[in-house]
Structures are given as structure tokens and as C-alpha cells.
Amino acid sequence: PDTGHHHLLVNRATPVMTEPLPSGEPDLLHFGGGQTETTLTLEPGQYTLQMVLGDQDHVPHDPPVMSETVTVTVK
């Protein structure tokens, strides 16, 4: 209880909060090893980014713990 890890969604809609976040997809990064940072290599363009906290099974917490969606432009 009260534990989890972050997931970074890149250009993805806010997920269904009752289902596990998928793994192995390049636009959904799992930070299950306690990582506190990452480097993204993105082609020029506009992207949305959002962090979602999930449990050991990658299911978002209830109530959800997530960031606002931010939009960045890579030049």
C-alpha cells in the first residue's frame, strides 16, 4: 500500500485509470527502478508529456496521482 512508480506518457491520451498501463511501448516509459530522471531523444515537433503514478501492477492509483499534461516543442 501507498507505493508505486512513475510512468511517462509521450503523446498519449490520459489512460483508463482502472487498467494496467501497457509496457514495451516507446511512448510510455516505466520508471520502476527508482529513476529520478531520463533523457528523451525526440524529433522536431510538438509533444505532450504526462506523469502517472502506478502500483506494482502498473495500475494507476485510486484516486489518481498524475501531473497536468504539458506541451513542449522540440526544434
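**Terms and the values behind them**

Modeller: Pro-63 lies in the loop between β3 and β4. Bear in mind throughout that this is a predicted model.

Biologist: Why is His-58 called partly exposed?

Modeller: The relative accessible area of His-58 is 23%. Buried means under 20% and exposed means over 50%, with partly exposed in between. His-58 therefore counts as partly exposed.

Biologist: What is the phi of Asn-11, and where is Asn-11 placed?

Modeller: Phi of Asn-11 is near 55°, a positive value in a residue other than glycine. Asn-11 sits in the loop between β1 and β2. With a relative accessibility of 43%, Asn-11 is partly exposed.

Biologist: Why is Thr-73 called exposed?

Modeller: Thr-73 has a relative accessible area of 51%. The cut-off for exposed is over 50%, so the word applies. Thr-73 is found in strand β4. Not counting residues up to four places away in sequence, Thr-73 touches Gly-45 and Gln-46. The C-alpha atoms of Thr-73 and His-7 are separated by 20 Å, and these residues are 66 apart along the chain.

Biologist: How do you know that β1 and β3 are paired?

Modeller: Pairing requires at least two bridges between the strands. Between strand β1 (residues 5-10) and strand β3 (residues 45-54) there are 6 bridges, and the two run antiparallel. The pairing of β1 with β3 therefore meets the rule. His-6 stands opposite Leu-53 in β3.

Biologist: What joins β3 to β4?

Modeller: There are 5 bridges between β3 and strand β4 (residues 70-74), and these strands run antiparallel. Tyr-47 has Val-72 in β4 as its bridge partner, and Gly-45 has Val-74 in β4.

Biologist: What makes β2 and β4 edge strands?

Modeller: The strand order is β2-β1-β3-β4 in an open sheet of 4 strands, with antiparallel pairing. β2 (28-31) and β4 each have a single partner strand, so one side of each is left without a neighbour in the sheet. From one strand to the next, the twist averages 25°.

Biologist: How many helices does the protein have?

Modeller: The protein has 0 helices and 4 strands. From the N terminus on, the elements run β-β-β-β.

Biologist: What makes up the largest nonpolar core?

Modeller: That core has 6 residues: Leu-8, Val-10, Leu-29, Phe-31, Tyr-47 and Leu-49. Membership requires a buried nonpolar residue, joined to others through side-chain atoms within 4.5 Å. Strands β1, β2 and β3 are the elements that give two or more residues to this core. Leaving aside neighbours within four places in sequence, the contacts of Tyr-47 include Val-10, Asn-11, Leu-42 and Val-70.

Biologist: How do you know that Met-17 and Pro-60 come together in space?

Modeller: Met-17 and Pro-60 are 43 residues apart in sequence, but 5.4 Å apart from C-alpha to C-alpha. Not counting residues up to four places away in sequence, Met-17 touches Val-59, Pro-60, Pro-64 and Met-66. Met-17 is found in the loop between β1 and β2. Its relative accessible area is 21%, so Met-17 is partly exposed.

Biologist: Why does the radius of gyration agree with a compact globule?

Modeller: A compact globule of 75 residues would have a radius of gyration near 11 Å, and the protein has 12 Å, which agrees. Along its principal axes the C-alpha trace spans about 40 × 25 × 20 Å. Buried residues make up 25% of the 75 residues. The protein exposes about 5200 Å², and carbon and sulfur atoms supply 52% of it.

Terms used
Residues are numbered from 1 along each chain as its sequence is written. This is a predicted model: local features need pLDDT of at least 70, side-chain atom pairs count only at pLDDT 80 or more; totals for chains, interfaces and linings use all residues. Side-chain values use heavy atoms; hydrogens and water are left out. Axes are lines fitted to C-alpha atoms, for helices over the stretch in contact, and angles run from 0 to 180 degrees between N-to-C directions. Buried means under 20% relative accessible area, exposed over 50%, partly exposed in between (1.4 Å probe, protein chains only). Contact means heavy atoms within 4.5 Å. The radius of gyration is taken over C-alpha atoms; the globule rule is 2.2 Å times the number of residues to the power 0.38. Accessible areas come from the Shrake-Rupley method with a 1.4 Å probe; for residues, only the protein chains shown count as cover.
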